Amino acid sequence: MPTEIRWDRMTGPELKALAGRDALVVLPVGSMEQHGPHLPVWTDSACAHEFALRAATAVADDLPVAVLPPLWLGLSEHHLPFGGTITLDHATFQAVIRCVVRSLVAEGFRKLLIVNGHGGNIDPLAVAGRELAVEFGIPIVTTTWPQAAAKEIGAILTTQPGVQHACEGETSLWLALDAAQVRQGMIAESLSNPPPNPPAGFVRFYSFEERAPRTGVRGDPRAATAEKGEAIFAAVTKAIAAAMRDPVLWTAPDAVWDSGRGLKPQ
């Protein structure tokens with residue numbers, strides 16, 4: 001019988017036993033936001049969950065692991081003009097992540113991997129991972145799946161160098177995962193005419209109405225195939241599974257604060 005890896009399918013006593021075995025907990029994080037006229041608003045959450053499940057399955061025979069249900073709310077203000085988008089603000093997002101970590105620590109878990117599927121979450125998760133590791137004293141590792149195997153993904157795609165938004169890459173994932181979710185008759189209408197990227201080294205807020213006019217899509221979904229989707233799933237799954245096994249990532253963080261919350265003496 002296959003080892004159960006899904007947190008939501010286990011009982012309290014089973015999860016308590018996993019905590020006693022120093023199990024790795026995996027939290028997929030996504031969003032609920034527009035993905036053009038051809039992909040569902042669940043895309044980032046569904047893909048993050050699928051990558052987490054596939055990687056956990058790959059290591060489950062010898063590494064105790066539990067995959068939480070995906071956190072389906074992220075930072076998506078930039079997608080609001082196109083409809084279908086529900087977003088958190090930064091403070092609430094950070095608070096939700098903190099509550100998850102606090103709960104895990106209270107139950108005896110000591111390692112957390114966050115598998116992120118949404119670009120707007122990258123910076124907030126970097127801050128959360130750093131601050132919560134210091135606060136709770138456990139390793140918190142974050143990865144955004146297109147970055148976990150960027151070179152491999154670039155070699156799979158034919159019209160763009162990497163994953164963009166509702167593009168060749170994300171459309172290929174859905175064709176591999178559940179083609180019925182893709183409004184294939186709308187793909188030809190999904191192209192936008194994006195403006196040039198801002199100069200390197202400078203950052204500001206843009207809505208997707210500005211960055212992907214008319215459709216909310218960046219990239220060319222017409223080149224998507226299920227075969228490309230399966231190849232992306234395989235490459236990213238391999239990279240995340242390797243990270244799950246990498247001891248360099250899972251050492252306890254240094255206690256940089258003393259008990260009075262001052263800087264630790266050197």
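Here's a quick briefing on a sheet, a helix pair and one serine. The model is predicted, so local features need pLDDT of at least 70, side-chain atom pairs count only at pLDDT 80 or more, and totals for chains, interfaces and linings use all residues. Numbering starts from 1 along each chain as its sequence is written, and side-chain values use heavy atoms, leaving out hydrogens and water.

**The sheet**
- Four strands form an open sheet in the order β2-β1-β3-β4, with parallel pairing (strands pair if DSSP finds at least two bridges between them).
- Strands here are DSSP E runs of at least two residues, and helices are H or I runs of at least four, numbered from the N terminus.
- The edges are β2 (65-67) and β4 (140-144), each pairing on one side only.
- Three bridges join β1 (residues 24-29) to β2, and valine 26 stands opposite valine 67 in β2.

**The α7/α9 pair**
- Helix α7 (residues 168-178) packs against α9 (residues 226-245) at about 95 degrees, with axes 7 Å apart; axes are lines fitted to C-alpha atoms over the stretch in contact, and angles run from 0 to 180 degrees between N-to-C directions.
- α7 and α9 are therefore roughly perpendicular (65 to 115 degrees).
- Contact residues (heavy atoms within 4.5 Å) include Leu173 and Leu177 of α7 and Ile232 and Phe233 of α9.

**Serine 192**
- Serine 192 sits in the loop between α7 and α8 (208-211).
- Serine 192 counts as buried because its relative accessibility is 19% (buried means under 20% relative accessible area, 1.4 Å probe, protein chains only).
- A polar atom of the serine 192 side chain lies 2.6 Å from the backbone oxygen of valine 217.

Technical notes
Angles under 35 degrees count as roughly parallel, over 145 as roughly antiparallel, 65 to 115 as roughly perpendicular and the rest as oblique. Buried means under 20% relative accessible area, exposed over 50%, partly exposed in between (1.4 Å probe, protein chains only). A polar contact is a pair of N or O atoms within 3.5 Å; within protein, one must be able to donate a hydrogen and the other to accept it, and residues adjacent in sequence count only if both atoms are side-chain atoms.
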